[in-house]
Amino acid sequence: MGLVGGVLLLALAGWLGGDAIIAGEGRTPWLALATLLVVVPLVVAFTVRPAVYAGEDRLRVRNPFRVIVLPWGEVASLRSGYTNEVITKAGAKYQLWAIPVSLRGRSRAARKEARRAAQAAGNGKTRPRGFGGFTDVDVHDGPVRAESDQIMHDLRQTLEAREKAKTAQGEVTVRWAYEIAAPAVAGAVLLAILLAVG
């Protein structure tokens, strides 16, 4: 949903900003251009850009302003709390922006798990709410998890399987996303100049 929201925000900014640039008078086109230079990179950074790529040898985390490449051999743990984080053996901690924690999803998964446990204690048949028939539920599929918790579980399994592999060793690299920061800073400077000039 963050990606969809980001695309809609970009479309709205393009529509309003484009109209102000084309049809605006006086300083309006310049103010609109400066505002777009600030807003568009930030919207991209926080909605479209975040991603996590888990390969056989490395975990690549693309956060709003940084790209972190972590060989599995350098990952100490993957932690879930109010945010999902990867912790290196050196003690550095990086948030996984692309895998947000959903407390609502966790509550929903806990309710499903409780229903599943109740069904396991009974005969395995339950009458779902709102339906007249019975349904069979396989109680041996493993625990019910929220989507982000399931992704973190899968990443932990990959870590356990690959952390000792020779090809999964190396150093952690962090690269700043100048392609996002530079236009935003340039737009902020231009906007500040335009507002100061009056």
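Student: What's the mean pLDDT of the protein chain here?
Tutor: This is a predicted model, and its mean pLDDT is 85, with 88% of the residues at 70 or more.

Student: And which stretch has pLDDT below 50?
Tutor: That's residues 130–140. The stretch does have 19 contacts in the model beyond near neighbours in sequence. Still, where pLDDT is low, the predicted coordinates should not be read in detail.

Student: Which residues of α1 are buried?
Tutor: G6, A13, G17 and A20. They sit on the same side of α1, because they cover an arc of only 70° around the axis.

Student: What do those buried residues pack against?
Tutor: Against α2, which is residues 28–48.

Student: And what's on the face of α1 turned away from the buried side?
Tutor: That face carries the exposed residues L8, W15, I22 and A23.

Student: Switching to salt bridges. How many are there?
Tutor: The count comes to four. One of them joins the side chains of R162 and D57, at 2.8 Å from N to O.

Student: Where do R162 and D57 lie?
Tutor: R162 is in helix α4, residues 147–162, while D57 is in the loop between β1 (51–54) and β2.

Student: What about E85, which residue does its side chain meet in a salt bridge?
Tutor: R79, again with 2.8 Å from N to O. E85 is buried, with a relative accessible area of 9%, whereas R79 is partly exposed at 39%.

Student: Which residues are linked in a network of salt bridges?
Tutor: R49, R175 and E179. R175 is partly exposed with a relative accessible area of 41%, and E179 is partly exposed at 43%.

Student: R49 makes me think of N63. Which residues is N63 in contact with, leaving aside its neighbours within four places in sequence?
Tutor: R49 is one of them, along with I68, Q95, L96 and W97.

Student: Where does N63 lie, and is it buried or exposed?
Tutor: N63 is in the loop between β2 (58–62) and β3 (66–71). Its relative accessible area is 5%, so N63 is buried, as that is under the 20% cut-off.

Student: Back to α4, the helix with R162. What span should α4 have?
Tutor: With 16 residues at 1.5 Å a residue, α4 should span 22 Å. Its end C-alpha atoms are 23 Å apart, which agrees.

Student: Which of its residues are buried?
Tutor: In α4 the buried ones are S148, D149, M152, L155 and L159. They cover an arc of only 120° around the axis, which puts them on the same side of α4.

Student: And which residues are exposed on the other side of α4?
Tutor: E147, E160 and A161 are exposed there.

How values were computed:
Residues are numbered from 1 along each chain as its sequence is written. This is a predicted model: local features need pLDDT of at least 70, side-chain atom pairs count only at pLDDT 80 or more; totals for chains, interfaces and linings use all residues. Side-chain values use heavy atoms; hydrogens and water are left out. Helices (H or I, at least four residues) and strands (E, at least two) are DSSP runs, numbered from the N terminus. Buried means under 20% relative accessible area, exposed over 50%, partly exposed in between (1.4 Å probe, protein chains only). Contact means heavy atoms within 4.5 Å. The arc is that of the directions from the helix axis to the C-beta atoms. pLDDT is the predictor's confidence in each residue, from 0 to 100. The expected span of a helix is 1.5 Å times one less than its number of residues.
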